[in-house]
Amino acid sequence: MSYQTALTINRVIKDIDAKKYLLPSIQREFVWDTEQIEKLFDSLMMDYPINSFLFWKVSKENTREFKFYEFLRDYHQRGNKHNPKANLNGSEDIIAILDGQQRLTSLYIGLKGTYAYKLSYKRWDNPLAYPKRKLYLNLLQPAEDREDCKYDFLFLTDDEVKQDHEYRDEDGKRHYFWFPVGEILNITKSSEVNKYLINHKLLEDEEQALFANDALFNLFEAIHMKETISYYLEEAQELDKVLHIFIRVNSGGTPLSYSDLLLSFATAQWEHLDAREEINGAVDELNSIGRGFHITKDLLLKASLVLCGFSDIRFKADNFNRKNMLVIEKKWDSITSSMRLALELVASFGFSRENITSNNALIPIAYYISVIGNPANFVCSRKYKEDRRKIKQWFVSSILLRVFSFASDSVLKQIREIIRDDHEGFPLKAICDKFRGTNRDITFTDDSINNLLWTKYGGGDVLIVMSILYPWANMKNHFHIDHVHPKTTFTRKKLIKCGVPEDKIDFCLNNYNYIGNLQLLEEVSNEEKSARYFDEWIEEQYPDMDQRKDYMRKNYIPDVDFSIQNFEEFFIERENLLCTALKKELMQP
């Protein structure tokens with residue numbers, strides 16, 4: 001092992017482009033967010049140390065013995081999170097990164113690539129929710145909103161850059177000039193820094209000129225002049241030794257997740273399948289089912305431990321041995337088939353990433369499907385209708401009653417034992433009996449049903465309760481949670497103006513956000529309804545009485561006066577209808 005301190009960032013970026021530096025398959029994927037990358041560049045500008053790196057020299061004779069991946073250049077939170085596999089011809093040695101992948105990938109993305117993360121107000125499956133962003137440095141002023149950063153590095157879209165460049169304050173002064181950080185690679189001489197500042201008219205204001213000069217020169221020196229990348233070089237060619245070094249050096253900083261560790265071992269120990277590609281591919285496929293799920297590698301690998309029947313299903317190093325890994329590899333197709341069918345089933349119930357509060361509840365369903373042989377028609381065949389009813393009741397109850405909120409491994413093992421020993425359909429009764437009277441009890445009482453009526457708009461359970469009340473709804477369509485009586489009405493001033501009696505106003509303000517005033521409407525219908533008074537909307541929307549009665553039946557609308565002045569009676573009567581429906585669905589034997 002030798003110590004080196006002779007690399008500039010510019011040199012490393014060129015070597016990454018030339019595929020001299022690659023990532024071994026035991027590496028986790030890129031996990032840094034944009035703020036971490038921005039702080040890394042600020043640290044470089046401030047001449048802070050960014051710690052040493054550990055590189056592994058792989059001789060050309062051994063490059064075909066291992067799997068390697070290229071660096072990500074254009075990160076996309078939904079569409080491009082996986083590193084492309086490197087295509088090696090074995091004609092020369094390569095350098096693999098054992099420690100420092102997150103930092104090097106961050107430097108590479110900041111200088112050569114883009115970062116697309118989801119906008120919070122758009123749906124995850126909307127392509128427009130992930131605009132591409134490049135890293136920029138503001139040359140006119142320091143960071144204002146970050147106390148721990150001097151320089152204003154930000155990932156921005158083209159539109160955001162254009163908008164800021166056009167902004168002037170009342171005195172006509174500019175406050176933003178966003179320099180594309182990757183452009184520094186094209187500035188190869190210090191004299192070109194001044195030329196850039198002059199060409200872009202950044203020297204007109206004395207104070208800003210001094211800052212711009214300091215910022216751009218610092219960036220130039222950090223990338224081209226300073227030998228920042230110091231590293232240790234490991235030359236051993238034995239995989240076992242390299243694995244142990246890898247695990248040891250990754251025990252600090254952002255620690256390896258259990259799935260990363262398991263994936264590292266599986267990649268090295270699977271004999272016929274490429275574990276990294278199989279696991280990543282399966283996660284992507286499962287997350288695309290229905291309206292989308294949030295299945296992680298951890299969840300999929302936990303399911304593997306359960307479905308393979310291992311007595312110990314905890315994430316610990318002893319369970320990541322070669323024997324277990326080969327069992328998982330052998331049963332991989334069956335495992336992924338079971339998980340796929342389980343997700344297709346709960347998607348048909350109306351569930352997705354938006355209303356599942358514990359993905360662990362999916363694993364017993366997958367295990368049961370595995371036990372009965374992964375029937376391809378499980379989700380739609382009449383043969384399994386009763387199974388589906390029981391599974392839905394168990395799944396909904398487990399989610400609402402927080403069965404997997406703690407010590408989930410113990411619950412998974414106990415349910416697995418019941419399913420394994422009971423082959424007369426999904427053993428709902430046996431599971432209920434097993435946990436009755438404990439803090440895992442999934443039987444609903446009158447009190448727990450009444451508690452569901454306190455489900456509030458915006459709460460985590462509202463979509464779950466709605467999926468129970470609206471079993472007919474095709475959840476592949478876009479549904480909105482709608483206030484029957486529009487929420488914009490519920491201010492004291494508006495209620496008085498509408499003629500609501502003074503002694504009824506507090507009831508209205510205290511209850512309008514609860515499920516007694518919520519319904520499920522398709523997106524188009526909800527947009528048409530907007531903030532209109534309910535009595536006016538229903539008269540216009542359903543002039544035909546038969547159609548109106550059908551709407552009222554499906555949405556549990558009581559046959560009372562629909563005016564806002566009668567909100568209290570409407571709300572109480574509707575809660576009675578909802579309570580009856582929930583008892584029918586959740587208190588079946």
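Okay, let's start with Lys429, which sits in helix α16, the stretch covering residues 428-435. Just so everyone knows, this is a predicted model. So is Lys429 buried or exposed? Its relative accessibility comes out at 63%, and the cut-off for exposed is over 50%, so Lys429 counts as exposed.

Next, a pair of helices. α13 is residues 362-371 and α15 is residues 408-421, and their axes are 10 Å apart at an angle of about 25 degrees. Under 35 degrees counts as roughly parallel, so that's what we call α13 and α15. The crossing of these two is right-handed. Who's touching whom? From α13 you've got Ile363, Pro364, Tyr367, Tyr368 and Val371, and from α15 there's Leu412, Ile415, Arg416, Ile419 and Arg420. By type, that contact has eight nonpolar residues, two charged and no polar.

Now the other pair, α9 at residues 275-287 and α10 at residues 297-307. What angle do their axes make? They cross at roughly 105 degrees, coming within 10 Å. Anything from 65 to 115 goes down as roughly perpendicular, so α9 is roughly perpendicular to α10. On the α9 side, the contact uses Ile279, Asn280, Ala282, Val283 and Leu286, while α10 brings Lys297, Leu300 and Leu301. Sort the residues of that contact and you get six nonpolar, one polar and one charged.

That's my tour, thanks.

Note on methods:
Residues numbered from 1 in each chain as written. Predicted model: local features only at pLDDT ≥ 70, side-chain atom pairs only at ≥ 80, totals over all residues. Heavy atoms only, no water. Axes fitted to C-alpha atoms, helices over the stretch in contact; angles between N-to-C directions. Helix = DSSP H or I, 4+ residues; strand = E, 2+ residues; numbered from the N terminus. Parallel < 35°, antiparallel > 145°, perpendicular 65-115°, else oblique. Contact = heavy atoms within 4.5 Å. Nonpolar A, V, L, I, M, F, W, Y, C, P; charged D, E, K, R; others polar. Buried < 20%, exposed > 50% of the residue type's maximum accessible area, 1.4 Å probe, protein only. Left-handed = near helix turned anticlockwise from the far one by under 90°.
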